[in-house]
Amino acid sequence: MTSASISCVVADDHPAVLDSVCRYLQQNGLEIVGRAFEGVGALDEIERARPDVALVDMRMPGLSGTEITRRAVQRAPSTGIVLYTGHGDDQFLTEALDAGARGVVLKEAPLADLVRAVRMVATGQTYVDPGLAGTLAVPELQRRVALTQREREVLRLLADGFATDEIGRRLFISGETVRTHVRKAMRKLGADTRTQAVAEAIRQSLIA
């Protein structure tokens with residue numbers, strides 16, 4: 001995925017910060033498809049635009065970044081949420097982890113790190129700010145956000161009780177491709193069976 005094809009919603013309750021972040025992302029080839037100054041508006045923009053990535057301030061009026069993330073996972077599961085915050089402790093990482101965030105950036109980081117985070121999350125990777133890299137929660141966070149969109153779709157249909165061939169027909173892919181996605185998801189989730197993979201994906205809020 002090229003930078004130009006990455007769509008992004010940005011939310012921050014400080015207008016100057018919001019403008020500067022959006023301007024910098026655009027200058028680096030990212031497409032801004034929505035902006036918000038408060039929590040409810042951010043969630044609405046994510047649900048409306050369904051961007052590849054949403055860059056969300058942790059503390060905003062109405063809804064916190066973690067609550068936005070938790071709801072966005074259900075309403076726009078294809079959107080990767082990157083939280084940025086001035087708080088760099090284990091408690092924040094735990095909150096981000098439980099909510100389903102796929103990236104964490106400290107506000108003290110250079111703007112170039114925001115671009116890097118958005119690009120990585122848009123391609124199914126995880127970004128954790130280097131300032132948080134030594135915390136115990138990071139490996140767990142990386143494991144939680146590793147699934148691709150197609151892997152999540154396959155697991156979601158498995159959770160609904162569909163067999164391999166039916167999943168293939170619904171997604172317009174072969175049964176063997178379905179099985180390949182399942183095997184990859186199982187490996188990423190540390191699961192021994194399909195059932196375990198589905199259960200773990202649900203537990204981590206990767207699928208509804």
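**Figure 1. F172 sits in the loop between helix 8 (164-171) and helix 9 (175-189).** This is a close-up of a predicted model. Most residues other than glycine have a negative phi. Is F172 buried or exposed? With a relative accessible area of 77%, F172 is exposed.

**Figure 2. R50 is found in the loop between helix 2 and strand 3 (53-57).** Here too phi is positive in a residue other than glycine, with a value near 45° for R50. R50 counts as partly exposed, at 41% relative accessibility.

**Figure 3. Helix 2 (residues 39-49) and helix 3 (residues 65-75) have axes that come within 10 Å.** The two axes cross at roughly 20°. Because of that angle, helix 2 is roughly parallel to helix 3. The crossing of helix 2 past helix 3 is right-handed.

**Figure 4. A look at which residues meet where helix 2 touches helix 3.** From helix 2 come G39, A42, L43, I46 and E47, and they meet I68, R71, A72 and R75 of helix 3. Sorted by type, the residues of this contact are 5 nonpolar, 1 polar and 3 charged.

**Figure 5. Stepping back, the protein has 10 helices and 6 strands.** There are 208 residues in the protein, and 50% of them count as buried. Among contacts with a separation of 6 or more, 61% are between residues 24 or more positions apart. The accessible surface comes to about 9400 Å², with 51% of it belonging to carbon and sulfur atoms.

Notes. Residues numbered from 1 in each chain as written. Predicted model: local features only at pLDDT ≥ 70, side-chain atom pairs only at ≥ 80, totals over all residues. Heavy atoms only, no water. Helix = DSSP H or I, 4+ residues; strand = E, 2+ residues; numbered from the N terminus. Buried < 20%, exposed > 50% of the residue type's maximum accessible area, 1.4 Å probe, protein only. Contact = heavy atoms within 4.5 Å. Areas by Shrake-Rupley, 256 points an atom, 1.4 Å probe, with all protein chains shown as cover. Axes fitted to C-alpha atoms, helices over the stretch in contact; angles between N-to-C directions. Parallel < 35°, antiparallel > 145°, perpendicular 65-115°, else oblique. Left-handed = near helix turned anticlockwise from the far one by under 90°. Nonpolar A, V, L, I, M, F, W, Y, C, P; charged D, E, K, R; others polar.
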